[in-house]
There are 4 protein chains.
Amino acid sequence: MVSKKPEHWLLLERIVRFGETDAAGVVHFHNVLRWCHEAWEESLEGYGLNSSDVFPTGIQQVESLEIALPVVHCEADFRLPIKAGDHLEIILLPEKIDMTGFQVHAKFQRGKKNVAFGLIRHLAINARTRERCLLPEKIDLWIEASSLKLGPRPL
Amino acid sequence: MVSKKPEHWLLLERIVRFGETDAAGVVHFHNVLRWCHEAWEESLEGYGLNSSDVFPTGIQQVESLEIALPVVHCEADFRLPIKAGDHLEIILLPEKIDMTGFQVHAKFQRGKKNVAFGLIRHLAINARTRERCLLPEKIDLWIEASSLKLGPRPL
Amino acid sequence: MVSKKPEHWLLLERIVRFGETDAAGVVHFHNVLRWCHEAWEESLEGYGLNSSDVFPTGIQQVESLEIALPVVHCEADFRLPIKAGDHLEIILLPEKIDMTGFQVHAKFQRGKKNVAFGLIRHLAINARTRERCLLPEKIDLWIEASSLKLGPRPL
Amino acid sequence: MVSKKPEHWLLLERIVRFGETDAAGVVHFHNVLRWCHEAWEESLEGYGLNSSDVFPTGIQQVESLEIALPVVHCEADFRLPIKAGDHLEIILLPEKIDMTGFQVHAKFQRGKKNVAFGLIRHLAINARTRERCLLPEKIDLWIEASSLKLGPRPL
């Protein structure tokens with residue numbers, strides 16, 4: 001689902017799957033927050049980072065990764081019913097909070113209509129001591145690059 | 001997972017499962033919002049409602065249920081890492097917003113420590129026209145009963 | 001994730017997401033079967049079908065769709081650990097069982113190595129009576145087209 | 001969801017949740033395999049094991065756990081539609097394959113009717129070298145105890 005064009009790594013898309021709906025016929029709510037996290041992962045890849053630069057990928061990785069980025073807050077708003085087969089555009093807006101934290105806004109559109117909004121806030125901590133620490137440089141660069149290319153805020 | 005004692009239908013528990021964790025060794029964030037919704041479903045059952053009174057359970061049901069309760073907002077805060085095998089207590093606090101909406105606060109504790117908080121906001125709509133409507137009477141009764149028995153707000 | 005080139009609608013790809021792993025650092029097993037179903041959905045779209053031709057997408061749709069395709073069997077084999085960030089190729093092999101059933105084999109490769117295999121078997125039933133019925137014509141066409149283009153079986 | 005009575009640690013129950021269904025109004029298939037794994041985890045707890053004896057629960061644990069039990073095969077059969085609110089009984093049948101592997105059969109019943117069957121096969125490997133090794137003694141004891149108490153096979 002990664003947008004292949006580097007200049008588009010804040011604009012992603014996904015097609016809603018049948019298993020993401022519930023018996024009311026629409027997307028079950030918490031999937032939207034999963035999409036937010038996956039869109040963030042895709043954006044990092046589209047920007048040029050490796051998943052293993054940011055996420056522990058198994059025991060060895062967990063040992064070698066010095067900084068963890070736990071989610072400390074998330075929220076979502078739902079505006080219109082989303083159904084299986086819907087083609088969604090996802091517009092990401094990264095935002096640095098301070099030296100040790102950042103959040104990523106996600107806007108979900110079908111056609112040009114907003115169907116949902118999501119937000120995930122991360123904190124940087126030392127993977128061993130679990131004490132707050134500075135954001136990884138690569139995440140800093142991704143956030144800076146996004147603010148440069150965004151121009152007028154899309155949200 | 002339903003608490004069998006009627007007087008405890010706002011106090012639930014669950015044990016964290018291995019598949020709910022991620023490669024960082026802790027619960028992957030959005031599962032907490034799934035737990036909030038499932039705890040709400042359990043509370044309704046513990047109070048005496050049938051799932052089919054509130055949730056569409058297949059085509060026929062969808063046709064006969066006049067009122068749908070879509071989620072319009074959700075959020076969660078994460079305070080301490082949660083791991084597989086953790087025994088969590090879930091304290092629910094239902095809150096009526098107006099004649100057509102309500103929200104359910106959830107506090108997750110391990111031992112007596114707060115590990116996470118969740119919130120899900122629902123709107124009542126006509127299942128056919130999707131226009132706002134009054135909350136189903138049974139939901140109203142559940143909310144009233146909860147405010148009576150709660151005494152001092154746990155959150 | 002849909003392969004945009006029509007000639008490639010049996011060859012899909014996906015990148016493993018962090019939330020699909022567990023505390024052992026590898027993909028939690030049942031996600032592979034979710035991937036199989038999603039790959040099938042993508043293949044139908046890549047072939048030219050609409051999701052709403054095959055899957056109920058809400059109440060109205062459920063009423064109008066005459067044929068349902070419930071899963072009656074699924075299985076998966078796991079050969080190598082799969083981690084977050086892994087780029088997987090998914091090779092689908094649809095197979096008609098009889099006039100009322102079909103199954104879809106999925107082979108997951110990383111590089112040229114097989115990492116997992118999946119299989120999902122569907123039955124066609126009348127959505128109202130739930131009695132066996134003939135496969136929908138569009139599914140028949142997709143299966144036929146796949147056998148034509150596959151040549152030597154990839155599995 | 002753990003059955004509190006020790007003598008019942010192979011007989012579990014769960015109530016189907018709304019978010020586990022899809023737009024066809026029934027449980028989305030792969031949830032049944034998640035239930036199988038969770039039922040196995042519950043059974044180990046009901047028998048007296050700690051989750052941390054068997055499952056890695058974070059980095060430290062991953063380092064200290066010598067034996068991993070990856071899933072190498074899983075399958076499920078679906079007999080009757082399962083809906084939100086359904087009360088299911090889960091009957092587990094552990095089976096040792098050889099010194100290094102075992103599988104757990106799960107039978108899901110509603111009332112006394114079989115609605116689904118599941119199977120998960122595990123292999124014991126050294127968590128570092130990933131080479132096959134003997135099953136952990138505690139798993140051996142759980143399997144033996146189950147065969148003793150089962151008497152005539154329920155499946």
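Predicted model: local features only at pLDDT ≥ 70, side-chain atom pairs only at ≥ 80, totals over all residues.
How many bridges join strand 5 of chain C to strand 6 of chain C, and in which direction do the two strands run? Ten bridges join this pair, and the strands run antiparallel.

## Strand 5 of chain C and its neighbours

Strand 5 covers residues 101-110 of chain C, and strand 6 covers residues 113-123.

A hairpin of two residues links strand 4 to strand 5, and C:Lys96 stands opposite C:Phe102 of strand 5. What does burial say about strand 5 of chain C? Eight of its ten residues are buried, so the strand is largely enclosed by the rest of the structure.

## Salt bridges within a chain

Over all chains, the rule counts 44 salt bridges. One of them pairs A:Arg14 with A:Glu38, with N and O 2.9 Å apart. Because A:Arg14 lies in strand 1 of chain A and A:Glu38 in helix 1 of chain A, this pair ties together parts that are 24 residues apart in sequence. Both ends are shielded: A:Arg14 is buried at a relative accessible area of 5%, and A:Glu38 is buried at 3%. The pair also belongs to a network of salt bridges that links A:Arg14, A:Glu20, A:Arg34 and A:Glu38.

The side chains of C:Lys138 and C:Asp53 meet in a salt bridge with an N to O distance of 3.4 Å. C:Lys138 sits in helix 4 (residues 137-150) of chain C and C:Asp53 in helix 2 (residues 51-54), so the link spans 85 residues of the chain. Are these two residues buried or partly exposed? C:Lys138 is partly exposed, with a relative accessible area of 39%, and C:Asp53 is partly exposed too, with 27%.

## Where chain A meets chain C

Here 26 residues of chain A are in contact with 25 residues of chain C. The two chains bury about 2,000 Å² between them, and 54% of that area is on carbon and sulfur atoms. The rule finds four salt bridges across this interface, along with four residue pairs in polar contact. One of the salt bridges joins C:Glu41 to A:Arg17, whose closest N and O atoms are 3.7 Å apart.

Which elements of chain A give two or more residues to the side that touches chain C? They are strand 1 (11-15), helix 1 (31-47) and helix 3 (59-64). Helix 1 of chain A gives the most, with six residues. By class, this side of chain A has eight nonpolar, eight polar and ten charged residues.

## Where chain B meets chain A

The contact between chain B and chain A takes 22 residues from each of them. The area buried is about 1,900 Å², and carbon and sulfur atoms give 67% of it. How many salt bridges does the rule find across this interface? The count is zero, while eight residue pairs are in polar contact.

On the chain B side, helix 1 (31-47) and strand 3 (71-78) each supply at least two residues. Strand 3 of chain B provides the largest share, eight residues. By class, the side of chain B that touches chain A has 13 nonpolar, five polar and four charged residues.

## A link between chain B and chain D

B:Glu41 and D:Arg17 meet in a salt bridge of 3.7 Å, N to O. B:Glu41 lies in helix 1 of chain B, and D:Arg17 lies in the loop between strand 1 and helix 1 of chain D, so the pair joins two chains. Both B:Glu41 and D:Arg17 are buried.

Key: Residues numbered from 1 in each chain as written. Chains lettered and ligands numbered in written order. Heavy atoms only, no water. Contact = heavy atoms within 4.5 Å. Buried area = accessible area lost by both parts, 1.4 Å probe. Polar contact = N/O pair within 3.5 Å; in protein donor to acceptor, adjacent residues only side chain to side chain. Helix = DSSP H or I, 4+ residues; strand = E, 2+ residues; numbered from the N terminus. Nonpolar A, V, L, I, M, F, W, Y, C, P; charged D, E, K, R; others polar. Buried < 20%, exposed > 50% of the residue type's maximum accessible area, 1.4 Å probe, protein only. Pairing = 2+ DSSP bridges.
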